[in-house]
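I opened my notebook to look a structure over, one entry at a time. Come along and check each entry with me.

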Amino acid sequence: MKKKIYSGIFMISLALSGAIYTACEDIDELPPQSDTNFINKTYKLPNPTVLTTEEVAEYNAIKAEYESSINQ
């Protein structure tokens with residue numbers, strides 16, 4: 001009986017240690033920087049748009065609801 005328990009514990013520990021050993025590999029989280037011109041690139045954000053009166057009213061209603069729920 002004890003021999004079966006010990007062999008079961010040995011097999012489980014062997015499988016667990018094998019899983020842990022194979023899971024630990026060296027992963028390079030950052031991609032290689034092949035493009036060295038990234039400093040000179042410029043990115044343009046889209047032009048802002050003016051909200052209409054309906055959108056401003058909806059925004060103010062949502063903001064008031066949010067602030068009333070926070071201050072309770």
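Entry 1. I began with a definition: a residue is buried under 20% relative accessible area, exposed over 50%, and partly exposed in between (1.4 Å probe, protein chains only). I noted that this is a predicted model, where local features need pLDDT of at least 70, side-chain atom pairs count only at pLDDT 80 or more, and totals for chains, interfaces and linings use all residues. Residues are numbered from 1 along each chain as its sequence is written, and side-chain values use heavy atoms, without hydrogens and water.

Entry 2. I looked up the chain and found two helices and zero strands (DSSP runs: helices are H or I with at least four residues, strands are E with at least two, numbered from the N terminus). Of its 72 residues, 0% are buried.

Entry 3. I turned to Ile 5, which sits in helix H1, residues 2-23.

Entry 4. I put Ser 13 down as partly exposed because its relative accessibility is 39%. A polar atom of the Ser 13 side chain lies 2.9 Å from the backbone oxygen of Phe 10.

How values were computed. A polar contact is a pair of N or O atoms within 3.5 Å; within protein, one must be able to donate a hydrogen and the other to accept it, and residues adjacent in sequence count only if both atoms are side-chain atoms.
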